[in-house]
Amino acid sequence: MTEVTRPPAAAMCDVEPTRPVAVSDLCAAAEAMATRNLRFVTATCLDMGATFDIYYHFADGVKLDNLLVTIPRDAELPSITASYLGAFLVENEMKELFGINVVDIGIDYNGRLFMTELDQAHPMAKVQSCAAPTVEGE
Amino acid sequence: MAQRTVIPFGPQHPVLPEPIQLKLTLKDEIVEEALPHIGYVHRGVEKAAERMDYTQNVFLVERICGICSFIHALCYCQGLERLMGLEVPRRAAYLRVIWSELHRLQSHHLWLGLYADAFGFESLFMEFWRSREMLMDIFEKTAGSRVIISACCIGGVRRDISDQHLQETLETLKMLEAAFDKSSEVMLNDYTVKKRTVGKGILPADKAILLGAAGPVLRASGVEQDARQTGFAAYDELRVEPVVETAGDCYARAKVRIRECRQSLDLVRRAIAGLPDTDIAVRPKGRPNGRTISRVEQPRGELLYFLAANGTQKLDRLRVRTPTFANVAPLVHMLPGCEVADVPVIVLSIDPCISCTER
């Protein structure tokens, strides 16, 4: 079987203009987007194993402008809700489904947006941190 | 002395065909805060898409939503076509526009009926839904199915529409337009409708942008953005001007959708008139590799698919951002300050699709 080797994210990216930013610069970059009156569209999280690639998509008229943040698995990711409150749902989703430690979310559901205490933790993550809890008596 | 109460609006409520909850903090009859809760029917479609073959995913994504199933399939196929370097034949591109606009028409008719029902105008609800049946019959005739029509495939469309069916479609649209003229006149000018919708749930343009609104909700606030302007399918030739209103209230959102119905009627007619005589699909070769974004305009707004492929039969990641997911945050902004009796109308004014939200 041929082994598929992946080129670096930025090189293989056919996503319309993408600017890699350091995690420490994310909030400032989001604020700059808000100042330019760009509309927040969504964020996309990709589990790369040891790291997460997180794209933030903004609409500049009909074109998209994207930011790419790469963070280690256990690193904290600052919320951009101070600039774009509308990001709270997708940030809660990333936190809950991928296990990314997103901090200071404007409206934080603390892992209970989609999931209950009985669900498997972080089901979208490719590396599972723990198994689903069992219901007492089963 | 004013009394504060927290009441749950939903997950089961007469105006909500699908479950979503809003925790409303009220000061007497006025809403002070709204906190949305979703996740009652989450289906894990994005995860399922990583486990299925990329060709099987066409059928999976069509089932995200029964109201705009064709447009989900179109968005997904378009992304894969970009990754695989496929050029869709022009006839297929035009057929994609025809079915997309028919979906927009039936979705807006469905919403206009539900909206009328939300403020107790049952006869108007029935008028819109009776007209909608004509559109469902067109789907059955042209694609063999009324809801999930499965007409889109990677590389084009799965079936053609015969000249006879195109002619019948045009005749049906004539009847639909006559009925729509009467119903929309009531929706726009009736005293009781205006009383319940004008000045309710206002979303200013700057908030619509910062909160990430999409589709008619965004355009009713005066923001001129419509994904069809990107020229996907055959929209590069069948130019589309975004329908914009500026009041940002429930009435403006209804007006945008009514004007979009007329625009869709015009687009279907122009697409049928200019339908090229080419093949309807190309055969995909190889396997997708790379990352791409595909965007289309659903009836409820911009739909975005992010596809990450690795050269195998399965995708690394399929991200689906639906317009209702984007419109939940603007809804939270619209509600504070309104009377509790207006909550159902304001909630319905974003045309919430929980199937799409709970992918």
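This is a predicted model: local features need pLDDT of at least 70, side-chain atom pairs count only at pLDDT 80 or more; totals for chains, interfaces and linings use all residues.
**Two chains, helix by helix**

Student: OK, and which are the buried residues of H2(A)?
Tutor: In helix H2 of chain A, residues 26-35, the buried ones are Leu26(A), Ala30(A) and Met33(A). Viewed down the axis of H2(A), they fall within an arc of 55 degrees (taken from the directions from the helix axis to the C-beta atoms), so they line one face of the helix.

Student: What do the buried residues of H2(A) pack against?
Tutor: They pack against three strands of chain A, namely E3 (51-60), E4 (63-72) and E5 (76-78), with contact taken as C-beta atoms within 7 Å. Just after H2(A) comes Asn37(A), which takes a positive phi of about 65 degrees.

Student: Stepping back, how many helices and strands has chain A?
Tutor: Chain A has three helices and six strands, and along the sequence they follow the pattern α-β-α-β-β-β-β-α-β. Of its 138 residues, 39% are buried, and among the contacts in chain A with a separation of 6 or more, 48% are between residues 24 or more positions apart.

Student: Is Asp104(A) buried or partly exposed?
Tutor: Asp104(A) is partly exposed, with 14 other C-beta atoms within 10 Å. Although Asp104(A) is not a glycine, its phi is positive, about 60 degrees, and its place is in the segment after strand E6 (101-103) of chain A.

Student: And Asp351(B), buried or exposed?
Tutor: Asp351(B) is buried, with 27 other C-beta atoms within 10 Å. Asp351(B) is not a glycine either, yet its phi is positive at about 55 degrees, and it sits in the loop between helix H12 (343-349) and helix H13 (354-357) of chain B.

Student: New topic: how many residues does the contact take from chain A and from chain B?
Tutor: The contact takes 30 residues from chain A and 31 from chain B. On the side of chain A that touches chain B, strand E2 (39-47), E3 and helix H3 (88-97) each supply at least two residues, and the largest share, six residues, comes from E2(A). By class, that side has 20 nonpolar, six polar and four charged residues, where Ala, Val, Leu, Ile, Met, Phe, Trp, Tyr, Cys and Pro count as nonpolar, Asp, Glu, Lys and Arg as charged, and the others, Gly among them, as polar.

Student: Inside chain B, which residues in H4(B) do those in H3(B) meet?
Tutor: Phe70(B), Ile71(B) and Leu74(B) in H3(B) meet Arg96(B), Trp99(B), Ser100(B) and His103(B) in H4(B). The residues of this contact divide into four nonpolar, two polar and one charged.

Conventions. Residues are numbered from 1 along each chain as its sequence is written. Chains are lettered from A and ligands numbered from 1 in the order in which they are written. Two residues are in contact if their C-beta atoms, placed from the backbone, lie within 7 Å. Helices (H or I, at least four residues) and strands (E, at least two) are DSSP runs, numbered from the N terminus. A residue is buried if 20 or more other C-beta atoms lie within 10 Å of its own, exposed if 12 or fewer, and partly exposed in between; C-beta atoms are placed from the backbone.
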